[in-house]
Amino acid sequence: MRSTSSYIRIITFLLITYVLIEITVETGDQSAFIVQPLSWLGLGIALLFMVAAEICLAAFKNILFMALSPEAQERYQSAESARKAKQFRWIKKTYLRLLDSKPLEQEDEIILDHNYDGIKELDNNLPPWWVYGFYATILFGVIYMVRFHVFNDYTQAEEFESEVAEAKIAIEEYKKNAKDLVDVTTVTLLTEASDINAGKGIFTTHCVACHKADGGGGIGPNLTDKYWILGGGIKNVFRTISEGGRDGKGMVAWKQTLKPAEMAQVASYVITLGGTTPAEPKEAQGEIWLDPDAKKDETPTKEVLETVSDSTLVVLSHNTVQEN
Ligand code: HEC
């Protein structure tokens, strides 16, 4: 007793499940079915469940039908066929109206009285769907001509240029929002309080065990001083976090755990720790790091470096990297 309505019910149920999964699974702008492939499993289970329910329902109806007396069965069947005839009546009627063709039995009314070797011709009306479509094209043509050839609204070249300009804005917008696109070559220092706070949160969760909450250092080096083993500045710090430190030193590559945007946030937070005074600072390791991108006149002179720390020049001339 499979019927159209079971199919319709199954499809409706599937659509509802799809929308519900899309709404309940938190995935931001993207579809849950792309970000969380498990959603497909959910949908598949819903489908199996629904098919099973329909099979049970059909079986149940069958049993009820068998239990009826022969007259009742007959009454039921005629009621069913009456219901079926009514089903989709509106769609069927509209379809016939759009065709406006004479039924086979009435064709003799429209037959033309010529006859070519036994081939006769019917004089059917033009199908209304076609006629109205034709009027629509005429209307479209008139509006188009008046708009573009009489009033010269805009040319194709102008349309092209405005669309390119729009697309450029959209690309900028996309790049701004898609922070996960950052990598070591494009990362910049984030200064928004929300990013720094997010970075602090990540640091507290993943990094304090080795670098201490104030960045003073423990297993890992002091992150607040001017000395860097693997290079300072946002790009180097980002790379260290992403790729890890030297083999066997304990600093793992975080790119498996953190998203690029998160690494940019925590790297920016690490930079903000620079110059702060931790409670128990670990001794300096590595070299003073000077930003090669800094403008010439901002590069510290020898005197400035001397005021930074007494041991600066010693460290600079004496590469400690090997000894770590
Ligand atoms: C298991 C301990 C450990 C954890 C956890 C850890 N680090 Fe490290 N980190 C280290 C060690 C050890 C080094 C030194 C690596 C080397 O010498 O190559 C280091 C180096 C660094 C450096 C480079 C310092 C320099 O002087 O060049 C940065 C930046 C850094 N870690 C940031 C982080 C951030 C951010 C996190 C959290 C996402 C983190 N670390 C988590 C142990 C750790």
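**Helix crossing, hairpin and an open helix**

Reader: Is the crossing of helix 10 and helix 11 left-handed or right-handed?
Author: The crossing of helix 10 and helix 11 is right-handed (left-handed if the near helix is turned anticlockwise from the far one by less than a right angle, right-handed if clockwise). Helices (H or I, at least four residues) and strands (E, at least two) are DSSP runs, numbered from the N terminus. This is a predicted model: local features need pLDDT of at least 70, side-chain atom pairs count only at pLDDT 80 or more, and totals for chains, interfaces and linings use all residues. Residues are numbered from 1 along each chain as its sequence is written.

Reader: At roughly what angle do their axes cross?
Author: The axes of helix 10 (residues 233-243) and helix 11 (residues 260-273) cross at roughly 125 degrees and come within 9 Å. Axes are lines fitted to C-alpha atoms, for helices over the stretch in contact, and angles run from 0 to 180 degrees between N-to-C directions.

Reader: Which residues of helix 10 make the contact?
Author: Ile 234, Val 237, Phe 238, Ile 241 and Ser 242. Contact means C-beta atoms, placed from the backbone, within 7 Å.

Reader: New topic. How many residues of helix 5 are buried?
Author: Zero of the 11 in helix 5 (residues 89-99), so helix 5 lies largely in the open. Buried means 20 or more other C-beta atoms within 10 Å of the residue's own, with C-beta atoms placed from the backbone.

Reader: What follows helix 5?
Author: Asp 100, with a positive phi near 50 degrees.

Reader: And which residue is the bridge partner of Tyr 116?
Author: Ile 119, in strand 2. Strand 1 and strand 2 form a hairpin with two residues between them.

Methods. Two strands pair if DSSP finds at least two bridges between them. Two residues are in contact if their C-beta atoms, placed from the backbone, lie within 7 Å. A residue is buried if 20 or more other C-beta atoms lie within 10 Å of its own, exposed if 12 or fewer, and partly exposed in between; C-beta atoms are placed from the backbone.
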